[in-house]
Amino acid sequence: MKKLLLLGLMTLGISVLSACTLGTGNDGDRSITIYSERHYESDQNLFDQFEEETGVSVNVVKASADELITRLEQEGSDTEADLLLIADAGRLGRAKDMNLLQAVESALLEERIPEIYRDIDDTWFGLTKRARVIVYHPDRVSESDLSTYEALGESMWENRVVIRSSTNIYNQSMIASMLAIHEEAYVRDFVSSLVGNFARSPEGNDRDQAKAVMAGLADVAILNTYYMGKMAYSSDPFEVEVAEALRVFFPNQETTGTHVNVSAIGLTKHAKNVDDAILLMEYLAGEEAQGVFANANYEYPVNENVEAHELLSSWGDFVAQDLSLTQLGVYANEAAILMDEEGWE
Amino acid sequence: MYLEVKDIDFSFKDETILKEASFSMKKGEIVALLGPSGSGKSTFLRVLTGLAHISRGQLFIHDEEITKLPPEKRHIGMVFQDYALFPHMSVKQNIMFGIEHLKKDDRYLQLHKMLKLTNLTDKCHKYPHQLSGGEAQRVALARSLAASPDLLLLDEPFSNLDTELKAGIRLELKEILSSLDTTCLFVTHDIEDARAIADSVYTIENYKIKKIENANM
Amino acid sequence: MRLRQHLHSFSIVSIIVFVLVLVVFLQLFAGFTGEASDAWIHIKEYLLFDYIKNSFFLVLFTALFSAVFGFVGAYLVTFYEFPFRKFFGWAMILPLAVPSYIAAYIYGDMFSYTGIVSRLLRGIGIVSQIDVMSLFGASMIFALTLYPYVFMTVRSSLNKQSNEIYESARLLKVSKSKIWRKILLPLSRPALVAGVLLVVLETLNDYGVVKYFNVRVFSFAIFDAWFRLGDVGAAIRLSGVMLIFVFVIVVIERVLRRNKVYYTLQGRKRLRKALSTKAKVFGYMALGFPLMFGFIIPVIYLSYYSLLTYSKTLDMELLYVTVNTLSISVVATLITLFIALFVANLDRFTTSKFFKRMINFITLGYAIPGAVLAVLVSLFFIGMDRDLVPLYQLFGVDKTLVLTRSLAMLSFAYILRFLTLAFNNIESTYQKIGPSYTEASYTLGQGKLKTLWSVDVPMLKDGLIFAFVIVFIDVVKELPLTLILRPTNYDTMATKVYQYASDEMIHEASLPSLLLVSVGVIMIYLITHRKLKKRVK
């Protein structure tokens, strides 16, 4: 029995030790904490670079957007988070509505980030853009068949469209953007006709949609641009094959523009290190950091002085929705409910 | 009186076994509780040890009330029907289990006394699964007696033994108990067992404990 | 003074656990008191029926498949002799080491357009794709990774049935199918039902598989209501509906099991029959299929991609993650077993109806889906921290959230979640040894704790080690609780795998997955190859 107790004590010791050594204690004098949904190595490199330049160390807490927001809410004024970084403007809108963010006044941010990619009340700022595009197989679809998202609801696309589930935030924000532009009835018609053209009930992630097109299950898919980039440079040769075979089409060029969403950052309501946090925000919007975002993760930089990755440039320029992304948060719940009502699984 | 059971009620699995029953024993007396299996005799032993609870009444040993004491504080020993020897302990460890609070010298003195009394000295380092039925019973007895209980209870002490061995073991048991002047209550379904050992014989009848007057005839 | 009779270390520990479970539960029911929100009305109108329907079919299919895999396997290795029988005896448990969500990522990938299966099919000219990412596919994945629960419970119950019953039935010229229908199945039913119940509860608790496959069941719905619709109240109501669902299943199991623990102790060594050649083919298929798809293929897949991606994923962090996982799991499992021992002891000896009900309630913890439990535990700890602020200040700690998101909080959640599993294992071991040893110790003047340490624990050793391994593997695999409650940047193997997978880096998830599976495999190998000391004649 004594052995067992000893073992218990030992493990307890080890775990306490490991918790101490592995937890990211505030070792520097100046440090900030960021709640981030993104777990890219390139982000970490940027934070390291930032620390080198400013002496402010960055402590990153990673979890899903919803967990982070719930956590912020639960922690209230006791939170350690100074910044919230999330890959969807709609979710940041929710955080703003829940009164978890505060406005930032910064001339640098205003200069570096176009107005539509910032919150109207300056509580969050977009850092990277991704377009939600149509991907098609050139053997079965000719480019001239494609025009708008709405056109995918027409009868010629019956049983030919795949897209992931309505619980996916990118879809929710896409529909929210339409609700912001059009009447509800118009969007409802579109969703209902699109759902009618689904080649299968939604499943899997964005890459799986592209693969379904490749497999001939469907002829077109709607997905985010950076997934095409990730597949094109994947370690799996078969994913590269998919990326090379399929083509990207930017819809709604003649009408409302292609739907664009952002990864965006906001200052938390109860941030303890406001100045340093804003310093990091400005750094991430700067040209150096924007270049890293563009190259490592195949996203479009928000800073217009920075070039996109060559793969993205090869697809050509496109017209984006002329819509303040603040609207994505405003219409998020309405979009979710509408999608359910029209039977989008 | 040494053991006093006053007006107790208890039931087992929703079946009433005793109602306002009383019972008593003198010091050094050996009493048999006779009855068919399922009549509640063993449950009565469990009540005395505190392993089962009564809904009414009082229990005394030496005029001290023990009704509310937990089993470990009652100083009542019990030899279980299946002996319940701890399989992971040797004979020696089994016997010394109940006297760990004694000083080391006293503990070993008691151990050797018990081993000698039960004629187990050469089995001291054996484990329960290496013992015969009779030996196992003697270990169980030695283990209970080592703690010098105020009262010893035996639950069907002969049920697991071969008939040929029984007569000898009964005598042995009687001798051991007498030599220590142990107050002992045992339950059995066999009137022969009762006659051979007990000073008096009782049975459970109409929810009461009654003496059988001419049992020893 | 009856109260004093009932207050002792066992009941006090049990009462404390009971109160904690109660407080956590009450937070759930507090959510029901408010007005129905729009989101809830919306869910009721458009989604609730689907959730119930899907959950029902997912549970039904999973239960059926796992019952078949587990029962047939256990039957074959118990009653028949054939080459590799001993190997299958322990190897059939191995799929338990593969978390369902990892199997889902693997099969999702293998059957995708770029996956090996589709490529092979295309190679022989078949273009159509097999859709594993469906309700049916999900139930298959749950069955393949969870059937060992059925296998283990059924086998241990078959082991207790003597050959004589079957021999005498055969002497009475009863047909084989009648022996199955009239003897084998009824005798093994309690064990079968108990095993299947475990599978069902694990299935309902899962979040990883159903999310990836977009199968809309309750655990999915709870997250969806909470996150997509942003309505905690609706999420809590859904949890309530789900708990009713689970409760019905648990009650059905208890009714089916009541007074039905039959076993006859085996008279002599079991004589196993040889299998005919035809039966051998069937036998190897019945054993090979679940083992192949539940374990061998996933391990080959993970090994292959670990080799391809290790340059990206093998780093110091992985070592920390391993240490984290093992240490928190060992600590949480030991505490869980410790508490379960106390509760099981109260359960053995109490006659009080209140205590019996209390224990029934405590052991419901297993039925609360991890996601719900995580929310409740985190609310509970934040509340507690805020109340404890004066105490913290006394010790000069200038922080409010001290316990929140600490390892203590995570361990607490694990304990609540897995107490039932530990309790059931310990209780069944106690039933095997019976109460008399413990009672003998009491009559020898030893108190409850002393008896626990020097009599119960050594006698329960094998059962305790088994319970340890079962709970440990479950803690290591646990995802939703760990994900939500872990301390800042405290990664375990499970969260690491989830992160890679949710970033659509399925191949990069291979190495941590392989580590996670290895931990389970080693534990299973050790318990199945331990030399049991036989002390009972």
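Two strands pair if DSSP finds at least two bridges between them. Strands (E, at least two residues) and helices (H or I, at least four) are DSSP runs, numbered from the N terminus. This is a predicted model, in which local features need pLDDT of at least 70 and side-chain atom pairs count only at pLDDT 80 or more. Residues are numbered from 1 along each chain as its sequence is written.

**Strand 5 of chain A and its partners**
- Strand 5 (residues 124-136) of chain A is largely enclosed by the rest of the structure, because 13 of its 13 residues are buried (under 20% relative accessible area, 1.4 Å probe, protein chains only).
- Strand 5 of chain A pairs with strand 9 of chain A in the antiparallel sense over seven bridges, and Arg130(A) stands opposite Asn261(A) in strand 9.
- Strand 7 (residues 220-224) of chain A pairs with strand 5 of chain A in the antiparallel sense over five bridges; Asn224(A) is the bridge partner of Arg132(A).
- Strand 8 (residues 247-249) of chain A pairs with strand 5 of chain A in the antiparallel sense over three bridges, with Arg247(A) as the bridge partner of Tyr136(A).

**Thr268(A) in strand 9**
- Thr268(A) is found in strand 9 (residues 260-268) of chain A and is buried, with a relative accessible area of 1%.
- Leaving aside neighbours within four places in sequence, Thr268(A) is in contact (heavy atoms within 4.5 Å) with residues including Leu72(A), Asp82(A), Leu100(A) and Gln102(A).

**Ile300(C) in helix 14**
- Ile300(C) is found in helix 14 (residues 277-313) of chain C.
- Ile300(C) counts as exposed (over 50%) because its relative accessibility is 51%.

How values were computed:
Chains are lettered from A and ligands numbered from 1 in the order in which they are written. Side-chain values use heavy atoms; hydrogens and water are left out.
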